[in-house]
Amino acid sequence: MKLEEVINASLTYLNETDYVEGADRTDNDKVKLLARCANIMLTEIAQEYLPLTDECEVTAKNGAFCYEDIPRKVCRIISVKDVDGNKINFRQRSFSCKVTKVGLLKVEYRYLPAETAVGEVCDVDPAVSVKTLALGVCAEYCMISGMYEQSEGFAERFRQDMRAAVRPVRSVTLKKRGWY
């Protein structure tokens, strides 16, 4: 989903239809604020509800590797393996990760999404719909604007949608029965 779709849905929920019809809105202060709110919500979703994970290869020197060697903003290291696939013990530090082996390593990690501009695609789990993200954006926007009652209403709807997105899908099986 693109951030522009989320902003359009948010403007619709906020009953700001005059902004929806405009052609070029990137210089508009309200659209910029909604884009900042969307980035806040994308980070919140990645931290609290549906973490974003990735893998990369890094080179450990002197028993450690820096988070700067990883292409995305690291939130948490999940696992570290050597090139043969063997797990390696590690300890996270503030700017680096201490490991028990040197050389090329495969790192699986959780990351925070980068800032998204209005025309770009949002880095979010596919389970999150445009509606869900727009409700979160509206909650954040109303909170910043001092509309606390509306903010609480949007926040509750956002939390309900996120509970549905996070809930595991289970298959239902019925016990076999015979015909009499």
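Reader: Is Phe 154 buried or exposed?

Author: Buried means under 20% relative accessible area, exposed over 50%, and partly exposed in between, with a 1.4 Å probe and protein chains only. Phe 154 has 11% relative accessibility, so Phe 154 counts as buried. Tyr 13, at 30%, counts as partly exposed. This is a predicted model: local features need pLDDT of at least 70, side-chain atom pairs count only at pLDDT 80 or more, and totals for chains, interfaces and linings use all residues. Residues are numbered from 1 along each chain as its sequence is written, and side-chain values use heavy atoms, leaving out hydrogens and water.

Reader: How is a pair of aromatic rings described?

Author: One gives the distance of the centres and the angle of the planes. Rings of Phe, Tyr and Trp (its six-membered ring) pair if their centres lie within 6.5 Å; planes under 30 degrees apart count as stacked, over 60 as edge-to-face and the rest as tilted. The structure holds 3 aromatic pairs. In one of them, the centres of Tyr 13 and Phe 154 are 6.4 Å apart and the planes stand at 65°, so the pair is edge-to-face.

Reader: Which strands form the open sheet?

Author: Strands of a sheet pair through backbone hydrogen bonds, either parallel or antiparallel. Strands are DSSP runs (E, at least two residues) numbered from the N terminus, and two pair if DSSP finds at least two bridges between them. Here the order is β1-β6-β3, with antiparallel pairing. The edge strands are β1 (52–60) and β3 (73–82). Between β3 and β6 (residues 103–112) there are 8 bridges.

Notes. Helix = DSSP H or I, 4+ residues; strand = E, 2+ residues; numbered from the N terminus.
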